[in-house]
Structure formats: structure tokens, C-alpha cells
Amino acid sequence: GLIMLVKDKGGDIAILRTMGATSGSVMRVFFIAGASIGVVGTVVGVLLGVLFCANIEEIRQLLIRITGNENIFDPTIYFLSQIPAEVDPWEVVAVVAMSLGLSFLATLYPSYRASRLDPVEALRYE
């Protein structure tokens, strides 16, 4: 998605460059945009995941009430009378660290491409 953003904003990047923006400042703009998307996605994902995990039995009971089927997770098949869920804080921290690290790494290439955009070529095709 960020690569497409760089392609769509080629003319705007070229105008910024002709007005005196350095390649480093253009790279920073796109890195911050990509990193903010990664941070927001990670935070929302962690919150939803922890809430879901903390309330998994209540969600199962709600599904039973909605469908009227007592055997959504049939204990004779799954050998469980309730769904077990345990949040390991170290696993959550590891997943958050990997998610943030990968999202930051994924922003490097598009931001590098944006910083190396030639203003003359970008404005020629606009």
C-alpha cells in the first residue's frame, strides 16, 4: 500500500523536492506515514486479541444463545467443556515487537524510493 502511495504522490513529491525538501525529509515523511500505520494496526490488534482471549468463554456462551445450539463445540469431539485461553505476557510482547519491527522494515523500501524520485521525471508524466 505504501508503494502505491509513493506512486500516486509522485507529483507532490516532485513539487516538494523542487521547493527545497531534501531526500532525507521526503524519506522521513513516508517512513512516519508507514510507521504510524504499523503502530496503529499493532495497538488495535493487541487490544482486540487480548479482549477476545479474556472473554472467549463469554463469546462461546453468546454464540450458544444466538444459535440455540448447545453443541457448537461438542465436548465429545473436542474433549473440552469450555474453551481454554491464557494470555502469556512475554508472548504478547514478542508478537508486538515483531509486528512493529516488520512494519518499520516494510516502510524502508517505499520511503527510500520516494526519496530517490527524480523531480523532473515525476513532473514530466503528471
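Predicted model: local features only at pLDDT ≥ 70, side-chain atom pairs only at ≥ 80, totals over all residues.
Me: Which residues of α4 are buried?

Reply: Ile56, Glu57, Arg60 and Ile64 are the buried residues of α4. An α-helix has 3.6 residues a turn, so residues three or four places apart point the same way. In α4 the buried residues fall within an arc of 105 degrees when viewed down the axis, so they line one face of the helix.

Me: What do the buried residues of α4 pack against, and what follows the helix?

Reply: The buried residues of α4 pack against α3. On the face turned away from the buried side, α4 carries the exposed residues Arg65 and Ile66. Gly68, with a positive phi near 75 degrees, follows the helix.

Me: How many residues does α3 have, and how far apart are its end C-alpha atoms?

Reply: Helix α3 (residues 23-54) has 32 residues, which at 1.5 Å a residue should span 46 Å; its end C-alpha atoms are 46 Å apart, in agreement. Among the buried residues of α3 are Phe30, Gly34 and Gly38, and the buried residues of this helix pack against α1, α2 and α6.

Me: Where do the buried residues of α2 fall around its axis?

Reply: The buried residues of α2 are Gly10, Gly11, Ile13 and Ala14. Down the axis of α2 they fall within an arc of 160 degrees, so they line one face. Gly20, whose phi is positive, near 115 degrees, comes after α2.

How values were computed. Residues numbered from 1 in each chain as written. Heavy atoms only, no water. Helix = DSSP H or I, 4+ residues; strand = E, 2+ residues; numbered from the N terminus. Expected span 1.5 Å × (residues − 1). Buried < 20%, exposed > 50% of the residue type's maximum accessible area, 1.4 Å probe, protein only. Contact = heavy atoms within 4.5 Å. Arc of directions from axis to C-beta.
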